[in-house]
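Please read it with the sequence and the structure in view.

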Amino acid sequence: MSMSIKWAALAETAGISFAVTVATVVVFSLGIMALSRREAALESGATGSAKGTVALGAAGLCFAACAAVVGYGLYLIAG
């Protein structure tokens with residue numbers, strides 16, 4: 001019995017994994033940056049301002065996207 005490795009499929013999987021990992025890190029970093037901007041808006045005395053609300057929403061969206069990627073990865077592993 002001979003075993004062969006499909007190198008193209010392996011390279012494709014590695015490339016997609018790398019791209020998804022980089023994208024997840026970038027989205028998480030954007031969420032951290034949005035939280036930082038919210039803190040800056042609160043420190044400047046703009047309580048309840050639109051900037052703070054939008055920044056909090058953007059951070060929540062970024063973190064939800066990261067959680068979805070992690071959840072999907074766990075689904076792929078367990079399923």
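A residue is called buried when its relative accessible area is under 20% and exposed when that area is over 50%, with partly exposed covering what lies in between. By that definition V26, whose relative accessible area is 45%, is partly exposed, and this residue is found in helix 1. The model discussed here is a predicted one.

**Overall form**

The protein has two helices and zero strands. Its radius of gyration is 19 Å, well over the 12 Å that the globule rule gives for 79 residues, so the protein is more spread out than a compact globule. Taken along the principal axes, the box filled by the C-alpha atoms is roughly 70 × 20 × 15 Å.

| Helix | Length | Span | Expected span |
|---|---|---|---|
| Helix 1 (residues 7-43) | 37 residues | 54 Å | 54 Å |
| Helix 2 (50-78) | 29 residues | 41 Å | 42 Å |

In helix 1 the span is close to the expected value, and the span of helix 2 is likewise close to what is expected. Just after helix 1, G45 takes a positive phi of about 90 degrees.

**Burial**

Buried residues make up 11% of the 79 residues in the protein. Those of helix 1 are G31, A34 and A41, and what covers them includes helix 2. The buried residues of helix 2 are G52, A55, A59, C62 and C66, and their cover includes helix 1. An α-helix has 3.6 residues a turn, so residues three or four places apart point the same way.

**Surface**

The accessible surface of the protein comes to about 6200 Å², and 73% of it belongs to carbon and sulfur atoms. A nonpolar surface patch of about 460 Å² is made by F18, V22, V26, L30 and M33.

Conventions: Residues are numbered from 1 along each chain as its sequence is written. This is a predicted model: local features need pLDDT of at least 70, side-chain atom pairs count only at pLDDT 80 or more; totals for chains, interfaces and linings use all residues. Side-chain values use heavy atoms; hydrogens and water are left out. Helices (H or I, at least four residues) and strands (E, at least two) are DSSP runs, numbered from the N terminus. The expected span of a helix is 1.5 Å times one less than its number of residues. Buried means under 20% relative accessible area, exposed over 50%, partly exposed in between (1.4 Å probe, protein chains only). Contact means heavy atoms within 4.5 Å. Patches are made of residues with over 30% relative accessible area and no salt bridge: like charges are joined within 9 Å, nonpolar side chains (Val, Leu, Ile, Met, Phe, Trp, Tyr) within 5 Å. Accessible areas come from the Shrake-Rupley method with a 1.4 Å probe; for residues, only the protein chains shown count as cover. A salt bridge is a side-chain nitrogen of Lys or Arg within 4 Å of a carboxyl oxygen of Asp or Glu. The radius of gyration is taken over C-alpha atoms; the globule rule is 2.2 Å times the number of residues to the power 0.38.
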